[in-house]
Amino acid sequence: MKIDWAALGSVFGVSLAVTVGLVALFTLGIMGLSRRERAVAQGNSASLAVAGAYVAFAGCVAAVAYGIHLVVAKA
Amino acid sequence: MENFSLILAIVVVTALAFDFTNGFHDTANAMATTISTGALKPKVAVAMSAVLNLAGAFLSVEVANTISKGLVDETGIRPEVIFAALVGAILWNLLTWLVGLPSSSSHALMGGLIGATIASAGMGAVHGDVLVTKVLIPALAAPVVAGLAALLATRLSYTLGKKADGKAAEKGYRAGQIASAGLVSLAHGTNDAQKTMGIITLALVAGGAVSPDSDPPTWVILSAGLAIALGTYLGGWRIIRTMGKGLTELQPQQGFAAQTSAATVILASSHLGFSLSTTHSVSGSVMGAGLGRKGGVVRWSTATRMLVAWCLTLPAAALVGAGAESVTDLGDWGTAVVAVFLVAASAAIWKISRREVVDASNVNESEEPAGVVTTAIAAVTPPPTGTVTEGLTATIPAPASVTAAPDPATPPAAAV
């Protein structure tokens, strides 16, 4: 009996890193958007925050696209 | 086509029935958190999941030619054995659905296959080491990996996102959740519809209807995809309720963290060659997300019941599979008896389920009131997660349905 500890370990590490990274990125994006919401409410603009938010979301979209790629490529 | 015997037709129909139960059993995996946080309306969520499952079924072109992953000796496997395995898997899926517990459909199928193979070819045809490495270890690892990832992600999301509130944040989390739930659905369609295609193709090869090593015929792909999509659309509302509400109360951030963790674990594991069960990953990540929020409470009574169901899945399905196989061995009439029994048992389970209907309208009502102690603890302290665990496991009595689950599983074996 041979347990593939290496594969299990890498699944563990990759899952942890990707999940936390992705959620962090997404939360940053959300923060950017809600900063804009607040800024607009006060009549200001928050273009830097919004730009950051879109960069963050673009990263998330890329991750999802890669996920779909994995689903398809496995085939 | 003249080789298309009756038993073959029965196997194909049964495999599609399994595919159907698989679909509605696993809708919860993709959509439970999305529904419970209100990101999508229940009906919309299951429809979206169904479409993505169907799409997933067509995405994949490679045949899942080893349905058992080397678990049993597949040489000379007869259609009757596959039929018996499917009977075990379907009945277990229906039973766990009745009591509203998520359990792995793959484990049910493998259990059925193990039981049927033992009954047909003896102990020697089952590879014990594969059982440990491909079934038991992943079953232990999946909830831990997904749970830990979800826990950390939830923590981080609450810490980072303190200032994220208002409409924009709400909309954002909703979108994020829908996207990751979609990914889970798609991956599920590819994996699980594929499994059924593999079974049908294997049966067709065994019965001599198609040549070995051939791709599944188009009608197989189409019908398998449609069966799983239909099952998904009808929705296992009972399981969705347990997963989305029964385990813990989820806020949008948690739902997003849980779903993202589940999607990541599923994709990473199948990509890196250590396949983890979708059901186990999602259950683990929901619990992790529940623990990650300050003051979040996981209902350990529900979690315990789930764990019991997981442990029983393989042996219970194996028992039914073995019973079914020994009856089909008696001859054609034996196969007929098993088929009739399957239909009757399924009808009975459905009948019982009508006593307390769970559907799209009441899916978000909490299944059971949180135990007095759970509520008290939640009210008094916003507790550090570690101590909650100990406090709760000790005080909540196991609910009656734990014992209810195995009970109906035994009659099939006893009856044959």
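Predicted model: local features only at pLDDT ≥ 70, side-chain atom pairs only at ≥ 80, totals over all residues.
**View 1. Chain B as a whole.** Chain B contains 16 helices and zero strands. Of its 416 residues, 57% are buried.

**View 2. Where chain A meets chain B.** The contact draws 34 residues from chain A and 48 residues from chain B. On chain A, helix H1 (5-41) and helix H2 (47-74) each supply at least two residues of the side that touches chain B. H1(A) gives the most to this side, with 23 residues. Sorted by class, the side of chain A that touches chain B holds 24 nonpolar, seven polar and three charged residues. For the complex, the predictor reports an ipTM of 0.86 and a pTM of 0.79.

**View 3. Helices H3 and H11 of chain B.** Helix H3 of chain B spans residues 79-98, and helix H11 of chain B spans residues 300-328. The two pack at an angle of about 140°, and their axes are 7 Å apart. An angle over 145 degrees would count as roughly antiparallel. H3(B) and H11(B) are therefore oblique to each other. The crossing of H3(B) past H11(B) is right-handed.

**View 4. Residues between H3 and H11 of chain B.** From H3(B), the residues making the contact include B:Phe83, B:Leu91 and B:Trp92, along with B:Ala84, B:Ala85 and B:Gly88. From H11(B), they include B:Ala316, B:Ala317, B:Val320, B:Gly321 and B:Ala324. B:Glu80 of H3(B) and B:Glu325 of H11(B) also take part. So do B:Thr96 of H3(B), and B:Thr313 and B:Thr328 of H11(B). By class, the residues of the contact of H3(B) with H11(B) are 14 nonpolar, five polar and two charged.

**View 5. Confidence along chain B.** The mean pLDDT of chain B is 78. In this chain, 81% of the residues reach 70 or more. Residues 367-378 of chain B have a pLDDT below 50. Over residues 380-416 of chain B, pLDDT stays under 50. For residues 380-416, the model has 48 contacts beyond four places in sequence.

Terms used:
Residues numbered from 1 in each chain as written. Chains lettered and ligands numbered in written order. Contact = placed C-beta atoms within 7 Å. Helix = DSSP H or I, 4+ residues; strand = E, 2+ residues; numbered from the N terminus. Nonpolar A, V, L, I, M, F, W, Y, C, P; charged D, E, K, R; others polar. pLDDT = per-residue confidence, 0-100. Axes fitted to C-alpha atoms, helices over the stretch in contact; angles between N-to-C directions. Parallel < 35°, antiparallel > 145°, perpendicular 65-115°, else oblique. Left-handed = near helix turned anticlockwise from the far one by under 90°. Buried ≥ 20, exposed ≤ 12 C-beta atoms within 10 Å, placed from the backbone.
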